Every structure is written in C-alpha cells, then in structure tokens.
Amino acid sequence: MQVQYKTMVTLTALAGVLRDQKEYAESADRATEAVALGDNLVRAEPQNAMWCRDLIVANRHLINARHLEGDHPAAVGPASAMVELADRLVVLEPESAESLRSRGLALATRGYARQLSGDAEEGLTDLEQALDIDEELLDRDPNNLAYLDATAYTHGRLASCLAQLKRYEASWQHSVAQFDLAVQLRTLQPEVGDRHVKVIWCLNNMAAWHIRQRTLESYAEAQRLLDEADGLLWNLRGTPLLTDMDGLYDECAEAIDGNRLLIVRRLTEGWKQ
C-alpha cells in the first residue's frame with residue numbers, strides 16, 4: 001500500500017510540473033493515473049484521512065488539466081469526486097476546520113466546472129454552499145489568509161456565474177465583496193505582488209460589469225475604475241513586486257485596454273443608431 005501511495009503522490013506532483021510546462025494532455029494523463037491509484041487506496045482503507053486528502057489533490061490536478069485543455073465537462077466528474085471525498089473527511093474529522101475548508105474548496109471547484117460546462121444553475125447552488133462554508137470559517141478566524149483567499153475566490157466565481165445567468169445586480173454585490181477582500185489581503189500582505197494584481201483584476205471586472213449596463217453613466221464609471229486599475233498597474237511597473245510573474249503586467253494591461261476599446265465600440269454603435 002505504501003508503494004502505491006508514494007507512486008500516487010509522485011504522479012500528482014509530476015502532473016503539476018507538466019501543467020506548468022503547458023503539457024496539458026500529459027498532465028491530465030499523469031493525474032488520471034494518480035487518481036486511479038488513490039481510488040484503490042481509499043477503497044481499501046476508507047478511514048484513512050491522509051489518503052483522502054491526497055486523492056483530493058490528485059483530482060484537483062486532473063480538473064485543472066481538463067480546464068486548460070478546454071474540456072470543461074470532463075472536469076465535472078473529478079470535481080464531484082472531490083466533493084464526496086471532502087464529505088468523508090468532514091465525517092472522519094468533524095472538529096477539523098481544515099476538513100471543512102476542503103469541502104468548501106471542493107464545492108467551489110465543482111460549481112465552477114458546472115458553470116463552464118453550461119450548467120450555471122447547478123454551479124450556482126454549489127458556489128452558494130461553498131460561500132456559506134467560507135464565511136463560517138472566516139467568522140472563526142477573521143484574519144486567516146487562507147480563509148480570506150477562499151472567500152474572495154468564491155465571491156468572484158459567484159459574480160461570474162450570476163452574470164452568466166443575467167442576474168446582474170446580485171453579480172455586482174459579489175464583485176464588490178471580492179474587491180473588498182482583495183484590498184484587505186493587500187493590506188495584510190503589501191509585500192506580495194499577487195495581492196496587488198488581484199486588486200487590479202477586481203477593478204477591471206467591476207468595470208466590465210458597468211460596461212454591460214450600456215448607459216453613459218455606466219461607461220463613465222467603468223472608465224473611472226479602469227483609470228484606477230491603470231494607475232495601480234503603472235505603480236507596479238519595474239518594482240520587485242512583479243518579480244517571477246512573467247507576462248502578468250502585459251496581461252493586465254491588455255485586459256484594461258480591451259475594456260477601454262469595448263467602451264469606445266459601444267459608444268460608436270450608439271452614435272450610429
């Protein structure tokens with residue numbers, strides 16, 4: 001059993017390396033092998049919490065690879081397996097905050113996979129349950145960085161899912177909540193470049209929400225948010241905060257410029273009409 005377990009962990013790590021190298025099909029293959037081994041281990045010893053946790057990680061690598069391949073429906077199955085494993089962990093360790101956090105992450109992962117697969121309503125149900133768990137954990141420990149991160153992520157996924165369902169007001173509330181948490185995380189860790197970048201992405205996403213409203217007032221507010229995002233991005237330029245984040249500056253700048261061009265296009269369409 002120990003040999004199978006070590007092989008599973010090795011294959012999972014290899015799947016992550018291959019993903020980082022953009023070898024997504026190979027990453028999916030290694031993750032699939034890891035999941036198969038993990039399934040056998042957990043069936044043999046269903047009470048082994050450590051094996052459950054590592055099998056969750058293997059499934060997460062498989063899900064990431066499927067999304068990166070563009071095969072979103074293929075991510076739903078392993079995401080559901082994650083939820084089942086996390087449910088088992090909560091039963092095995094009812095007092096463990098980490099097990100509860102695993103369940104929240106699993107639900108958010110499946111909700112995202114369902115949304116991308118065209119089942120936004122089912123995805124919304126999962127994401128709402130994930131947010132309940134995130135907020136329960138955050139109430140217990142308000143400055144826990146992992147809990148803040150998870151809650152911000154789930155708010156962002158909910159904003160996207162609700163926008164897909166054309167429930168724009170509810171989507172906006174989650175966008176604002178995600179932004180507030182991103183600012184809080186930046187305040188707690190100002191030395192971490194990713195914290196600054198996430199604030200910029202939130203501003204860009206909020207601008208996109210205003211652009212969808214198609215009014216002169218909303219375009220003006222979108223421009224204001226994009227100007228704020230641009231200013232924050234400019235301040236990061238050439239600083240150590242973007243070290244080891246290759247291409248991220250250009251990616252952010254392109255997203256901001258894309259929204260600016262969309263405003264121009266919408267305004268031009270309005271003038272032509």
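Predicted model: local features only at pLDDT ≥ 70, side-chain atom pairs only at ≥ 80, totals over all residues.
# Exercises on helix packing, salt bridges and ring pairs

The buried residues of helix 2 are covered by elements that include helix 1 (2–20), helix 3 (49–69) and helix 4 (73–92).

**Exercise 1.** State which residues of helix 2 are buried, and what span helix 2 reaches from its first C-alpha to its last.

*Solution.* Start with the length: helix 2 has 21 residues. At 1.5 Å a residue, 30 Å is expected, and helix 2 reaches 30 Å from its first C-alpha to its last. Next, take the burial cut-off, which is under 20% relative accessible area. The residues of helix 2 that count as buried are Ser-27, Ala-28, Arg-30, Ala-31, Ala-34, Val-35, Leu-37, Gly-38, Leu-41 and Val-42.

**Exercise 2.** Arg-30 is one of the buried residues of helix 2. Find its salt-bridge partner and say where the two residues lie.

*Solution.* The partner is Glu-26, with the closest N and O atoms 2.8 Å apart. An α-helix has 3.6 residues a turn, so residues three or four places apart point the same way. Now compare accessibility with the cut-offs. Arg-30 counts as buried because its relative accessibility is 17%, while Glu-26, at 37%, counts as partly exposed.

**Exercise 3.** Describe the salt bridge between Lys-198 and Asp-194: its distance, its location and the exposure of each residue.

*Solution.* The closest N and O atoms of Lys-198 and Asp-194 are 3.2 Å apart. Both residues belong to helix 9 (residues 193–213) and are four residues apart, about one turn of the helix. Lys-198 has a relative accessible area of 37% and is therefore partly exposed. Asp-194, at 27%, is partly exposed as well.

**Exercise 4.** Which helices hold Arg-260 and Asp-227, and how many residues apart in sequence are the parts that this pair ties together?

*Solution.* First confirm the bridge: Arg-260 and Asp-227 have their closest N and O atoms 2.9 Å apart. Arg-260 lies in helix 11 (residues 248–272) and Asp-227 in helix 10 (residues 216–236), so the pair ties together parts that are 33 residues apart in sequence. Arg-260 is buried, because its relative accessible area is 19%. Asp-227 has 45% and is partly exposed.

**Exercise 5.** Give the number of salt bridges, and name residues that are linked in a network of them.

*Solution.* The count comes to 18 salt bridges. Arg-110, Arg-114, Glu-122 and Asp-126 are linked in a network of salt bridges.

**Exercise 6.** Find the aromatic pairs in the whole structure and classify each.

*Solution.* The search of the whole structure finds two aromatic pairs. For Tyr-5 and Trp-51, the ring centres are 6.2 Å apart and the planes are at 25°, so the pair is stacked. Tyr-5 is in helix 1 and Trp-51 in helix 3, 46 residues apart, and the pair links these distant parts of the chain. Tyr-5 is buried at a relative accessible area of 13%, and Trp-51 is buried at 2%.

Trp-172 and Trp-209 form a pair with 4.6 Å centre to centre and 40° between the planes, which is tilted. This pair also links distant parts of the chain, with Trp-172 in helix 8 (residues 168–188) and Trp-209 in helix 9, 37 residues apart. Both Trp-172 and Trp-209 are buried.

Methods
Residues numbered from 1 in each chain as written. Heavy atoms only, no water. Salt bridge = Lys/Arg side-chain N within 4 Å of Asp/Glu carboxyl O. Buried < 20%, exposed > 50% of the residue type's maximum accessible area, 1.4 Å probe, protein only. Expected span 1.5 Å × (residues − 1). Contact = heavy atoms within 4.5 Å. Phe/Tyr/Trp six-rings, centres within 6.5 Å; stacked < 30°, edge-to-face > 60°.
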